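Biologist: I would like to learn how to read a structural model feature by feature, with the general idea given before the particular case. Could we work through one together?

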Amino acid sequence: MVEEVIVLGHKISRNEIEVDKAKIKVISKIPPPTSVKGVWSFLGHAGFYRHFIKDLSKVVNPLCKLLEKDSMFNFNDDCMRAFELLKLKLKTTPIITAPNWSLPFELICDASDVAVGAMYQQDFPSGLLC
């Protein structure tokens, strides 16, 4: 068997789940956006992880204001704080959580004329992923 594997930017081993150091380096080096296109790009990447970052809409609000129609691009201190906080959350928020073996699992199946898929799912107590 494999001793460890990288999935969605996280290193998973028998004992732990941790953020992949390569992901941390890449996110740490992202410079603040200098244009609307740069804000769209950064928020698009962060949006991929939106389910795992608590209150994402509140965190990115100053950045979203830069995307409003007919607004001037003014990357102020609020935008910088939101940008740095979001980078921190992307580097530290666990995207994958180890299963809780004391809770039940649910087998989810889906089939069509073309393919069959299945996965185990486990519901977590409210707020665990944030």
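This is a predicted model: local features need pLDDT of at least 70, side-chain atom pairs count only at pLDDT 80 or more; totals for chains, interfaces and linings use all residues.

Biologist: Which residues of α2 are buried, and how should I read their arrangement?

Modeller: The general idea is that an α-helix has 3.6 residues a turn, so residues three or four places apart point the same way. Here, helix α2 spans residues 36-47 and reaches 16 Å from its first C-alpha to its last, close to the 16 Å expected at 1.5 Å a residue. Its buried residues are V39, F42, L43, A46 and G47. These five residues lie on the same side of α2, because they cover an arc of only 140° around the axis. The face turned away from that buried side carries the exposed residues K37, W40 and S41.

Biologist: What covers the buried residues of α2?

Modeller: The covering elements include α3, which is residues 56-65, and α4.

Biologist: How many bridges join β4 to β5, and how do these strands run?

Modeller: Strand β4, residues 106-111, is joined to β5 by six bridges, and the two run antiparallel. They form a hairpin with four residues between them, and within this pairing L107 stands opposite Y120 in β5. Strand β5, residues 116-121, is hardly covered, since the count of buried residues among its six residues is zero.

Biologist: Turning to charged side chains, how many salt bridges are counted?

Modeller: In general, side chains of opposite charge can pair when their charged atoms come close. With a cut-off of 4 Å between the side-chain nitrogen and the carboxyl oxygen, the count in this model comes to one salt bridge. That salt bridge is formed by D78 with R81, whose closest N and O atoms are 2.3 Å apart. Both residues lie in helix α4, residues 77-92, where they are three residues apart, about one turn of the helix.

Biologist: How many disulfides are counted?

Modeller: A disulfide is a covalent bond between the sulfur atoms of two cysteines. The count here comes to zero disulfides. C79, for instance, is in no disulfide, and the nearest cysteine sulfur, that of C64, is 9.8 Å away. The cut-off needed for this reasoning is 2.5 Å between the sulfur atoms.

Biologist: Are C79 and C109 buried or exposed?

Modeller: C79 is buried, with a relative accessible area of 2%, whereas C109, at 54% relative accessibility, counts as exposed.

Biologist: Finally, where is the place of V2?

Modeller: V2 is in the segment before β1, which is residues 4-7, and V2 is exposed, with a relative accessible area of 63%. Although V2 and S13 are eleven residues apart along the chain, their C-alpha atoms are separated by 8.6 Å.

Definitions and conventions
Residues are numbered from 1 along each chain as its sequence is written. Side-chain values use heavy atoms; hydrogens and water are left out. Buried means under 20% relative accessible area, exposed over 50%, partly exposed in between (1.4 Å probe, protein chains only). The expected span of a helix is 1.5 Å times one less than its number of residues. The arc is that of the directions from the helix axis to the C-beta atoms. Contact means heavy atoms within 4.5 Å. Two strands pair if DSSP finds at least two bridges between them.
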